[in-house]
Amino acid sequence: MPEKADRVQDQLVAFLPNLRRFAIALCRSRDIADDLVQRACERALTNEQRFEPGTRFDAWMFKILRNLWIDDIRKRKVAGPQDDIDERHDIAGVSVEREVEARLALNSVAQAIGELAADQRDVLLLVCVEELSYRQAAEVLAVPIGTVMSRLARARKNLAEATGISSAPTRYPVTKGTAK
């Protein structure tokens, strides 16, 4: 059994940056995310016998973290504080104009992601940020793969509309036998 525990611990240490990034995306607060990651690690180590070797460690950890987050939401009935992009001084810019434009764009995207329905936001973060496959995201969220695909399509469409990116090009009717 010590070999299995060592493997879970080693994988956990190597996976911490990804876990923290996902937690920050869920919570939108670094302090809350750090607490959430710590509790997820504690739960993983306490229940390491439940991890099945040969399965995806990242999916197992994302599921633990997400379930803890959902439990927190249910307990508090609020999402928690958000970092204000204007207070972030650690984002470097090439020029003042570009920095302002980048901050505005980042702020509008962050706001649009925050306004997505929770189920769409979770799928978007798992697939687009954490680069899980549709199948892996479906396992983490405990939904069918078709549901993941549908939620992701709606999330992308809603995000494109909210940020002013056109989601579909204008289409012209095509008639057979005529040339344009």
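Analyst: Gladly! This is a predicted model, and of the 180 residues in its chain, 34% count as buried. The accessible surface of the chain comes to about 11600 Å², with 54% of that belonging to carbon and sulfur atoms.

User: What makes up the secondary structure of the chain?

Analyst: There are seven helices and zero strands. Read from the N terminus, the order of elements is α-α-α-α-α-α-α.

User: What makes A110 partly exposed?

Analyst: The partly exposed class lies between the 20% limit for buried and the 50% limit for exposed. The relative accessibility of A110 is 42%, so A110 counts as partly exposed. You can find A110 in helix α4, which covers residues 96-115. Its C-alpha atom is separated by 9.6 Å from that of A25, a residue 85 positions away along the chain.

User: How do you know that E131 and A142 are exposed?

Analyst: Exposed requires over 50% relative accessible area. E131 has 67%, so E131 counts as exposed, and A142, at 60%, therefore counts as exposed too. E131 sits in the loop between α5 and α6, while A142 sits in the loop between α6 and α7.

User: Why are α5 and α7 called roughly perpendicular?

Analyst: Angles of 65 to 115 degrees count as roughly perpendicular. The two helices pack at an angle of about 95 degrees, with their axes 8 Å apart. α5 and α7 are therefore roughly perpendicular to each other.

User: Which residues meet where α5 and α7 pack?

Analyst: From α5 come D119, Q120, V123, L124, V127 and C128. On the α7 side they meet V148, R151, L152, R154, A155, R156, N158 and L159. By class, this contact has eight nonpolar, two polar and four charged residues.

User: What makes a group of residues a nonpolar core, and which members of the largest one touch the most others?

Analyst: Members have to be buried, be of a nonpolar type such as Leu, Phe, Trp or Met, and be joined through side-chain atoms within 4.5 Å. The largest nonpolar core here has 43 residues, and L19, F57, W60, M61, F62, L65 and L126 touch the most other members. Two or more residues each come from α1 (2-27), α2 (30-46), α3 (57-76), α5 (118-129), α6 (134-141) and α7 (145-163). In soluble globular proteins, nonpolar side chains tend to be buried together.

User: Which residues is L126 in contact with, leaving aside its neighbours within four places in sequence?

Analyst: The contacts of L126 are F22, F62, E131, L132, A137, V140 and L141. E131 on that list is the exposed loop residue discussed above.

User: How many of the contacts in the chain join residues 24 or more positions apart?

Analyst: Among contacts with a separation of 6 or more, residues 24 or more positions apart account for 62%.

Definitions and conventions
Residues are numbered from 1 along each chain as its sequence is written. This is a predicted model: local features need pLDDT of at least 70, side-chain atom pairs count only at pLDDT 80 or more; totals for chains, interfaces and linings use all residues. Side-chain values use heavy atoms; hydrogens and water are left out. Buried means under 20% relative accessible area, exposed over 50%, partly exposed in between (1.4 Å probe, protein chains only). Helices (H or I, at least four residues) and strands (E, at least two) are DSSP runs, numbered from the N terminus. Contact means heavy atoms within 4.5 Å. Axes are lines fitted to C-alpha atoms, for helices over the stretch in contact, and angles run from 0 to 180 degrees between N-to-C directions. Angles under 35 degrees count as roughly parallel, over 145 as roughly antiparallel, 65 to 115 as roughly perpendicular and the rest as oblique. Ala, Val, Leu, Ile, Met, Phe, Trp, Tyr, Cys and Pro count as nonpolar, Asp, Glu, Lys and Arg as charged, and the others, Gly among them, as polar. Accessible areas come from the Shrake-Rupley method with a 1.4 Å probe; for residues, only the protein chains shown count as cover.
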